[in-house]
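Here are a few worked exercises to go through with the model open in your viewer. Try each task before reading its solution.

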Amino acid sequence: MRIYFHIHYNTVWGQQLAVVGDHPLLGTWNPEIAVPMAHQGDGRWVLQLELPDSVSDFSYAYVLVDNNTKTNTREWGDPRLVTRTPDTRTLRLIDHWRSHQHADNALYTAPFREVLLPAPDRTIPVALSQTDERLVTFQCYAPRVRPDADFVVLGGHPELGSWEPGDALVLGNPGHPLWSGTIQLDHDGLIEYKYAWRNRQTGAIIDLESGPNRTLSMGELEADHLVVTDDYFRYSKGPWRGAGVAIPVFSLRSDQSFGVGEFADLKLMVNWAKESGLKMVQVLPVNDTTATHSWTDSYPYAAISVFALHPIFLRIADLKGASKVLTKKVEKQRQSLNRLPQVDYEAVTQLKRTLAWEIFSQQKEAFLKSADFKAFHKEHKHWLNPYAVFCYLRDHYGTADFSRWDQHAKYSKKLKKELCSPDFYDFDAIAFSWFLQFHLDKQLREAADYARGQGVILKGDLPIGIYRHSVDAWVAPQLYNMDAQAGAPPDPFSETGQNWGFPTYNWTEMAKDNYQWWRNRMTQLSRYFDTYRIDHILGFFRIWQIPLEQIEGTLGYFNPAIPVTPEELESRGLSFNRDRYCKPYITQAILEERFGDSTAQVKAHFLTPLGERYQFKEGLDNQRAIQKYLSDKPDLQDLQKDLFDLIGEVLFIEDPERGPNALHPRIELMKTRSYAELDDHARGQVHQVYIDYFYRRQEEFWKSQAMEKLPALKEATDMLICGEDLGMVPACVPDVMSELSILSLEIQRMSKNPQTEFLQVEDIPYLSVASPSTHDMAPIRAWWEEEEWDYIQRFYEQELRLDGNHPKYCEPFVAQAIIRQHLSWPSMWTVFPLQDLLAMDGRLRVEDPHSERINIPANPKHYWRYRMHLSLEDLIEEKPFMYLLRAMLQNGNRI
């Protein structure tokens, strides 16, 4: 069988197209030996290949071979499949390159295929007569299904209906979202055609694709069988767009909940979302954070396991045998906790744990013997057993800090086997963790399946870091840099940056098994969620790493990064002096200016002379040492902030891993006195080094880092991925995210364009999620009151296009204007915090907008306890509000 491959692709010098496939003659999927195509000019590439007659079907794809960059890039999508008809001797395949950056690529993910745009079974029988006419197969990718319509191709030939909709060729989708139909065509001229959706009942065209007619020159393409695979259907009514609501699970409130939102409450949230026209419910991380059994465990991004779910979300009443422990006294306690305006984390967790233990104790033998538990344990024991052992030892030693666990400080398989044995004297404690995780998994999967059945998807959250005192760090410390801390550089919301306290990742070690730990995380996440948000996706390009001895983000640096060297500084005419450039710059004038009357006290406690300047005493030369020193000296503690600032009076930070000659410019060094007191030449050169380091030299390097890691996450599951890409964003990030069909996050008050104060519609890509705020920000009503008058006035006039002075408070009409604006934007998704939606109704919104704040990033000890003030049952009964929201969604073309 002779096969001709045809494709159009405009290359540059040094690039070539090739074909790779499952047959040995096509390289057996090895792109290094893909078969090169011949260029016939004007972007036309052709390959002629002879395959044995015994080959009835094969799969293939196109590869861009770039000799300039020494890379082989395979086109986007699954392999193309060809099934040969028995009489075919000559086959021509007319294809179009499938771009990695096409907007429709995201529609091929599980949430669209399985929930939002489920594919109907449209098998169209092919009736061909016994003639010598050639076969022509028309194929087109169309993932956006119209349930009430047929997908057809119509054109200027009788076999294509002569442009009459009723006679068009109906296509089937056995390889959805690829639609296909075959006809016999005896024609040697040019055929013009288009694809369309045709109403199945009336025969009228619902959506005729936009753009010029497609053409097929039959005379130039002799073959027994011609397969024309066109690129994506060109929707005339614009791309698919949807909307969702964001709320943490712990913030949900129902009549049945136990002082905190529970997984079972998600079903009510889904009911409300569906009736309102919303298609997504987004939550914060739901993993177990129980490290201290105190309210500080409320921080959802400090999980003790990236696999285990938090017991606080368990609905006790849904457990078998719960009626025996849910006494009138317990019911009274439940109602009391449920009436509280916020979550009482400690009271809820303690009471739920006590009740769950009582239920477990009554049925533990039957539970451990049950087939369902055994299947669950078999599938998840790779994380479940270490987690159970970790929880036991945490409680045994009274701390999650495993470095204080004496002989158990280092994990061993022997220890795991010993404690997970029924012969272990305290085996019930181990089995109790299994019991909790089994039922948590069951309840969350039930909620997820219910949501899918209602046409609503759940969106999870993937924290960028792991907790330092977690089972993950205990079991595999080699995967993390335990002597470092992850965080974020200063931004408008935190002037000293953020220190999350998490160890950073040892990517070199993780790459050895192709990021299996990450793949396992993704697989676990996909049990419950259809899409997920990568918290701080910039961490896959580079992470802001803070030395363990420092506390504030201002003293961090990007890792990995191409550092500055002393030789580079000297090549710029700078006389590199390590003490001057890398040690805190402290003079008498600076001390008097900063500390005033306390200068002598500061010098006595913390400093020693260094020529005409001062230096910190040995052992007090970092922020953590100063904090410890001040901990028992209340009369000096007011000095801490200024002492921390003084530690930050450096121009460059020495890389502790690469050595003292690998230097990183201190973030915002232009704000330091150390920089201000350089001479003019030195200031200019240091500034140029700063700009080059942060905005130029790293781009290609950081891009390569992300392209090594993110594809592994994407390939692990079929979930839709969204990336939180706020903050100091490298220029390479948008291209990488677009190539991988990862949606960006666009926040109105955080424009990524340095030329604009607020996000502008022309800067919003389709592959994005737009939102007025996030859990780390004040909701719009609180934001409105917290900001300066002039700032809000500019927003009122320039963004909302409203006249006059802005109201003192964010009135419902203002909230409605903001929501409508977001709905009109081109982003694939708009997701609104529930607080921002309720702000549109003066009856439903809470009186104090500041009470709706979920997190304050500048406060590392923030108590995460916000709960919606209305019950979900009451919210569902607010029909006028739901009708308003639904009408707004319809006007914004998001239903």
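**Exercise 1. How do helix α2 and helix α26 cross, and which residues meet there?**

Step 1: geometry. The axes of helix α2 (residues 265-276) and helix α26 (residues 879-891) come within 8 Å and cross at roughly 55°. Axes here are lines fitted to C-alpha atoms, for helices over the stretch in contact, with angles from 0 to 180 degrees between N-to-C directions. Helices (H or I, at least four residues) and strands (E, at least two) are DSSP runs numbered from the N terminus.

Step 2: label. That angle makes α2 oblique to α26; under 35 degrees would be roughly parallel, over 145 roughly antiparallel, 65 to 115 roughly perpendicular, and the rest is oblique.

Step 3: residues. From α2, Trp 272, Lys 274, Glu 275 and Ser 276 meet Lys 879, Phe 881, Met 882, Leu 885, Arg 886 and Leu 889 of α26. Contact means heavy atoms within 4.5 Å. By class, that is 5 nonpolar, 1 polar and 4 charged residues, where Ala, Val, Leu, Ile, Met, Phe, Trp, Tyr, Cys and Pro count as nonpolar, Asp, Glu, Lys and Arg as charged, and the others, Gly among them, as polar.

A word on provenance: this is a predicted model, so local features need pLDDT of at least 70 and side-chain atom pairs count only at pLDDT 80 or more, while totals for chains, interfaces and linings use all residues. Residues are numbered from 1 along each chain as its sequence is written, and side-chain values use heavy atoms, with hydrogens and water left out.

**Exercise 2. Work out how α15 and α16 pack.**

Step 1: geometry. Helix α15 (residues 623-630) and helix α16 (residues 640-647) pack at about 160°, axes 10 Å apart. So α15 is roughly antiparallel to α16.

Step 2: residues. Gln 623, Ile 626, Gln 627 and Leu 630 of α15 make the contact with Gln 640, Leu 643, Phe 644 and Ile 647 of α16. The tally for α15 with α16 is 5 nonpolar, 3 polar and no charged residues.

**Exercise 3. Which residues touch the most other members of the largest nonpolar core?**

Step 1: the set. A nonpolar core is a set of buried Ala, Val, Leu, Ile, Met, Phe, Trp, Tyr and Cys residues joined through side-chain atoms within 4.5 Å. Buried means under 20% relative accessible area, exposed over 50%, partly exposed in between (1.4 Å probe, protein chains only).

Step 2: Of the 208 residues in the largest core, the answer is Trp 272 and Trp 518. Helix α7 (residues 427-453) gives the largest share, 13 residues.

Step 3: Not counting residues up to four places away in sequence, Trp 272 touches Val 245, Leu 278, Leu 834, Leu 837, Leu 875, Ile 876, Phe 881, Met 882 and Leu 885.

**Exercise 4. Is His 439 buried or exposed?**

His 439 sits in helix α7. With a relative accessible area of 10%, His 439 is buried. Leaving aside neighbours within four places in sequence, His 439 contacts Leu 314, Leu 319 and Phe 367.

**Exercise 5. Look up the backbone at Pro 177 and Trp 29.**

Step 1: omega. His 176 and Pro 177 are joined by a cis peptide bond, omega about 10°. Pro 177 lies in the loop between β13 (172-175) and β14 (178-185).

Step 2: Trp 29 is not a glycine, yet has a positive phi of about 65°. Its relative accessibility is 27%, so Trp 29 counts as partly exposed.
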